[in-house]
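Let us walk through a protein model step by step. Keep the sequence and the 3D view side by side as you read.

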Amino acid sequence: MSNNKDRMKKTYVFDTCVLAHDPLALESYPDADLVLCSSVLEELDKLKKILDEAGKNARSFVRWLDEKSEGKDLSGIELENGSILKIDLNQYDTSAFGTSLYGDHRILACAAAITKAAKKKSEVILVTDDINMRLKARAASIACIGHKAKKGSYGKIYSGSQVNYDMEL
């Protein structure tokens, strides 16, 4: 049986759709490097203004990230699950995927650059629920997976509203 030292460190690069559907998704990836490229933050910023479930989840995630990052260096935020969260502000060449105007292409370029830089020292995996993005990732030899939300994980999230039942009239 192999121990933790024998296993290759994993690096997960997240797509916006994962966080828009499960704002606690990062908790599902323990003892790994977790990467959010700047495009994800930009897309979450746009989503948080929408008054639907994805908008609520975007707002929840951004609040969570703000809380976790307060007073910390965004090049490596240690999370309770043993993972290190990194915000990648680099601008990568998207020409292999298409125009840089499309957020998915910037996220794919980020994952490709991190994969190339890892040089087999780390297993780099793109996490996305976007089927077309997974197809493009596979075509570019980028490992990818879909995210499976934990059942009941949403109980920790502030719903954005509070109901107070006052029985006295």
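In strand E4, the bridge partner of Val35 is Lys86. Helices and strands here are DSSP runs, numbered from the N terminus: helices (H or I) have at least four residues, strands (E) at least two. Five bridges join E2 to E4, and these two strands run parallel. Two strands count as paired if DSSP finds at least two bridges between them.

Some ground rules come next. This is a predicted model, in which local features need pLDDT of at least 70 and side-chain atom pairs count only at pLDDT 80 or more, while totals for chains, interfaces and linings use all residues. Residues are numbered from 1 along each chain as its sequence is written, and side-chain values use heavy atoms, with hydrogens and water left out.

How confident is the predictor? Its score is pLDDT, the confidence in each residue, from 0 to 100. The protein chain averages 86, and 84% of the residues score at least 70. Take care with residues 152-158, where pLDDT stays under 50. For that stretch the model has 13 contacts beyond four places in sequence. Contact means heavy atoms within 4.5 Å.

Now take the whole chain. It has five helices and six strands. Read along the sequence, the pattern is β-α-β-α-α-β-β-α-β-α-β. Of the 169 residues, 41% count as buried. Buried means under 20% relative accessible area, exposed means over 50%, and partly exposed lies in between (1.4 Å probe, protein chains only). Among contacts between residues at least 6 apart in sequence, 60% join residues at least 24 apart.

Next, the sheet. It is an open sheet of six strands, in the order E3-E4-E2-E1-E5-E6, with mixed pairing. Its edge strands are E3 (77-78) and E6 (143-145), and each pairs on one side only. Start at the E3 edge. Two bridges join E3 to E4, and the two run antiparallel. Glu78 has Ile84 as its bridge partner in E4. The hairpin of E3 and E4 has five residues between the strands, and there Gly82 takes a positive phi near 90°.

Move to the other side of the sheet. Six bridges join E1 to E5, which run parallel. Phe14 stands opposite Val127 in E5. Three bridges then join E5 to E6, again running parallel. Here Leu126 has Cys144 in E6 as its bridge partner.

Why can E5 be called largely enclosed by the rest of the structure? Five of its six residues are buried, so the rest of the structure largely encloses it. Ser122 belongs to this strand, which covers residues 122-127. Ser122 is buried, with a relative accessible area of 15%. Its side chain reaches the backbone oxygen of Lys9 at 3.0 Å. A polar contact of 2.8 Å also joins the side chains of Ser122 and Thr11. A polar contact is a pair of N or O atoms within 3.5 Å; within protein, one must be able to donate a hydrogen and the other to accept it, and residues adjacent in sequence count only if both atoms are side-chain atoms. Leaving aside neighbours within four places in sequence, Ser122 is in contact with Met8, Lys9, Lys10 and Thr11.

Helix H4 (residues 103-118) lies across E1, E2, E4 and E5, running at about 170° to E5. That angle is taken between N-to-C directions, from 0 to 180 degrees, with axes fitted to C-alpha atoms, for helices over the stretch in contact.

What lies inside? The largest nonpolar core has 40 residues. A nonpolar core is a set of buried Ala, Val, Leu, Ile, Met, Phe, Trp, Tyr and Cys residues joined through side-chain atoms within 4.5 Å. Those with the most contacts inside this one are Phe14, Leu26, Leu34, Leu36, Leu85 and Leu126. H4 gives the most to this core, with seven residues. Beyond four places in sequence, the contacts of Leu126 include Val13, Ile107, Leu108 and Ala111.

Finish with two loops. Most residues other than glycine have a negative phi. Asp31, however, has a positive phi near 50°. Asp31 lies in the loop between helix H1 (16-21) and E2, and is exposed, with a relative accessible area of 55%. Ser141 has a positive phi too, near 60°. Ser141 sits in the loop between helix H5 (131-139) and E6. At 63% relative accessibility, Ser141 counts as exposed.

Conventions: pLDDT is the predictor's confidence in each residue, from 0 to 100.
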